[in-house]
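I am keeping these notes while looking through one protein model. The entries follow the order in which I looked things up.

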Amino acid sequence: MNTKPILALDFPGDTEVVNFLKHFNEPLFVKIGMELYLQEGPDIVRKVKDLGHDIFLDLKLHDIPNTVGSAMKGLAKLGVDLVNVHAAGGRPMMEAALEGLEAGTPAGRERAALIAVTQLTSTTEEQMQAEQKIALSLQESVLHYASLTKQAGLNGVVCSVHEAKAIAEVCGEDFLRVTPGIRLAGGDAHDQKRIATPDGAKRDGSSLIVVGRAVTGAQDPVAAYKIVSELWEA
Ligand SMILES: O=C(O)c1cc(=O)[nH]c(=O)n1[C@@H]1O[C@H](COP(=O)(O)O)[C@@H](O)[C@H]1O
């Protein structure tokens, strides 16, 4: 799989996306999340794909197994490279997602990698324990969800850099650790709680990093992307 930093296209519509992408003259690995997808629908996926970029479609599906399986079957036809669900939806839901994705992938095309969100990078241990009533440490909860995800046959998880190494030890190096919450040193954390730098992510066992506002909110996004890439690939 492409290992470039995954650039989160968290924009309100396709005009902003096209304006943003035209500054980059190389194929990128980009993420289309719910903000953009819920406005533009599947057309935005086709449009970005036609520009030659790899796509992580981040819709974080979380519903009953039948609904998620059927939704994945439809999404498989879009030809994206990476998709996700919430591990909290449970093992039967994750298995249904995988079955749907396999059933919907057109013959001769590689199926998208499927990963599950463990604990969002905007969640702290205190919040998890108080609101979700999970009586574990955050690291234990993430590791539990990672193991469940592996048992369901998925390709990996979304987690923070802080848990990536432990997941690799438990689930194996080939099990993907996709880590958002990436910031350049001294950058604003915004709503993220478990953050790390691109070089920290590399050192601490991420397989792929997801970067949004550190690049999209920069004065010079192309220069910021270059810095992130160099730190990640060093
Ligand atoms: O699944 C995700 O991509 C995701 C999971 C998670 O735990 N935390 C998280 O921030 N994300 C996404 O990663 C991106 C991070 O954006 P920035 O905080 O702007 O870098 C956003 O598009 C989030 O939706």
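Entry 1, contacts along the chain. I took the contacts between residues at least 6 apart in sequence and found that 65% of them join residues at least 24 apart. I note here that the model is predicted.

I counted 11 helices and eight strands in the secondary structure. The radius of gyration is 17 Å, close to the 17 Å that the globule rule gives for 234 residues, so I wrote the protein down as being as compact as a globular protein of that length. Taken along the principal axes, the box filled by the C-alpha atoms is roughly 45 × 45 × 30 Å. I also looked up burial: 41% of the 234 residues count as buried.

Which residues have the most contacts inside the largest nonpolar core? I found Leu7 and Ala97, in a core of 67 residues. Helix 5, residues 91-104, gives the most to this core, with six residues. I then listed the contacts of Ala97, leaving aside its neighbours within four places in sequence: Leu61, Val68, Gly69, Met72, Val85 and Leu114.

I checked the UniProt record, an unreviewed entry, and it places the feature "active site" at Lys60. In the model, Lys60 sits in strand 3, which covers residues 54-61. Is Lys60 buried, exposed or partly exposed? I put Lys60 down as partly exposed because it has 15 C-beta neighbours inside 10 Å, while a residue needs 20 or more to be buried and 12 or fewer to be exposed. Not counting residues up to four places away in sequence, Lys60 touches Asn84, Val85, His86 and Val117. Val85 is also on the list I made for Ala97.

Most residues other than glycine have a negative phi. I noted that Lys60 has a positive phi of about 45°, although it is not a glycine. His190 is not a glycine either, and its phi is positive at about 50°. I located His190 in the loop between strand 7 (176-179) and helix 9 (198-203).

How many residues surround the ligand? I found 20, and the closest are Leu120, Thr121, Pro180, Gly212 and Arg213. By type, the residues of this shell divide into nine nonpolar, seven polar and four charged. Strand 3, strand 8 (208-211) and helix 10 (213-216) each supply at least two residues of the shell. Strand 3 is the strand that holds Lys60.

I found Pro106 in the loop between helix 5 and strand 5 (113-117). Pro106 is exposed, because I see 9 other C-beta atoms within 10 Å. How far apart are Pro106 and Lys77 in sequence and in space? They are 29 residues apart in sequence and 6.6 Å apart in space, C-alpha to C-alpha.

Definitions and conventions: Residues numbered from 1 in each chain as written. Predicted model: local features only at pLDDT ≥ 70, side-chain atom pairs only at ≥ 80, totals over all residues. Core = buried A, V, L, I, M, F, W, Y, C linked by C-beta atoms within 7 Å. Helix = DSSP H or I, 4+ residues; strand = E, 2+ residues; numbered from the N terminus. Contact = placed C-beta atoms within 7 Å. UniProt positions renumbered as here; feature names shortened; annotations may be inferred. Near = placed C-beta within 6 Å. Nonpolar A, V, L, I, M, F, W, Y, C, P; charged D, E, K, R; others polar. Rg over C-alpha atoms; globule rule 2.2 N^0.38 Å.
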